[in-house]
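Subject: A structure for you to look at

Hi,

Here is the structure I promised to pass on.

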Amino acid sequence: MNTSFQPRTAAMLLATATLLTPGSLLAQQEARDNIIVSGQQEIDFATAMAEAPAGPEIEGIISARSDDRLQITADDGARTVIGFNEITEIRASKGLFGIGRESLGGEALLNGLPVTVKTVQLGSDLVASQIRLKGSDLKTANMIHNGTAQGFAEQTAATEALRSRVSDIDQYNVKGTTNVYFDTGKAKLSASGKADLCATTAAADDMNNALILVVGYTDSTGDYEYNQQLSEQRASRVVNYIQQNCGWKPYRMLTPTGMSEADPMASNDTASGKAQNRRVAVNILVSKGLDGL
């Protein structure tokens, strides 16, 4: 497998805007029985939360989650990362006007769920003291998560909304690029290329919030129109293979692109150089706004 880091090429294909980058949240803390260990001192975490100054109340949609951190996206697009723990009170309103409330565990905090969060300020970090949600919203989120017929319809809408927001992302961190190579004038994947593609998607699957961007290229043989079509065919073949054979989900891909003979890796004046240029680059990307979440 030919894996390298090529941020310049991938970055050229991404739209621009501003995205907030979250800070670290209670990293490297070791918790046990409501106690955290900090240096040589044991601190009652419940007391620390109770004595901490109040932070802002945050309302929005859970747009990403990783372990004990949530990203909340507000209606205006502002993103805030908060921590939560066993002290955080998670409650759902069950009846009219919120009469009858149910206490929940952290597993209820699903992506796409609207929430209202009360926070406290612990140093430079925001931590949730209370997370409130509606029972009806939780039911919908569970249907999406569990893949019912209605859930798939909701997820399709959510995926389309996500794609429409790609242009709002400033840039991605490129975690790695794998190149698979093709014979002259061909879009057929080799056995080694197929193996490399599944190895790449397996590596991406181990990364939180990873997306894949597929870009096809050709050498200088042939005219522009022919090479443009061939580069698109190669990219399409790779996309189909990693979705159908490597199990990569379509909603975790950015739109594939054919770049004809642009951005060659080597000189087209030699046979070996042309061989390097007949490729499809599979880029593993993580939005800077989600990297580390």
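Met 207 counts as partly exposed, because its relative accessibility is 26%; buried means under 20% relative accessible area, exposed over 50%, and partly exposed in between (1.4 Å probe, protein chains only). You will find Met 207 in the loop between helix 5 (191-205) and strand 13 (211-216). Helices (H or I, at least four residues) and strands (E, at least two) are DSSP runs, numbered from the N terminus. Leaving aside residues up to four places away in sequence, Met 207 touches Lys 175, Arg 252 and Ile 284, where a contact means heavy atoms within 4.5 Å. The C-alpha atoms of Met 207 and Leu 285 are 9.5 Å apart, although 78 residues separate the two along the chain.

Before you go further, a word on what you are looking at. This is a predicted model, in which residues are numbered from 1 along each chain as its sequence is written. Local features need pLDDT of at least 70 and side-chain atom pairs count only at pLDDT 80 or more, while totals for chains, interfaces and linings use all residues, and side-chain values use heavy atoms, with hydrogens and water left out.

How confident is the predictor? The pLDDT gives its confidence in each residue, from 0 to 100. For this protein the mean pLDDT is 75, and 67% of the residues reach 70 or more. Where pLDDT is low, the predicted coordinates should not be read in detail.

Next, the cysteines. A disulfide is a covalent bond between the sulfur atoms of two cysteines, and the search used a cut-off of 2.5 Å between those atoms. Over the whole structure it finds one disulfide. Its partners are Cys 198 and Cys 246, with their sulfur atoms 2.1 Å apart. The pair links distant parts of the chain, 48 residues apart: Cys 198 sits in helix 5, and Cys 246 in the loop between helix 6 (224-244) and strand 14 (257-258). The torsion about the S-S bond is about -80°, so this disulfide is left-handed. Cys 198 is partly exposed, at 26% relative accessibility.

Which charged residues pair up? A salt bridge here is a side-chain nitrogen of Lys or Arg within 4 Å of a carboxyl oxygen of Asp or Glu, and the count comes to three.

- Asp 205 pairs with Arg 252, their closest N and O atoms being 2.8 Å apart. Asp 205 lies in helix 5 and Arg 252 in the loop between helix 6 and strand 14, so the pair ties together parts 47 residues apart in sequence. Asp 205 is partly exposed at 48%, whereas Arg 252 is buried at 17%.
- Arg 278 pairs with Asp 219, with 2.9 Å between the closest N and O atoms. Arg 278 lies in the loop between helix 7 and strand 15 (279-287) and Asp 219 in the loop between strand 13 and helix 6, so this pair joins parts 59 residues apart in sequence. Both Arg 278 and Asp 219 are buried.
- Arg 91 pairs with Glu 89, at 3.5 Å between the closest N and O atoms. Arg 91 is partly exposed at 21%, and Glu 89 is partly exposed at 33%.

Enjoy exploring!

Best wishes

Key. pLDDT is the predictor's confidence in each residue, from 0 to 100.
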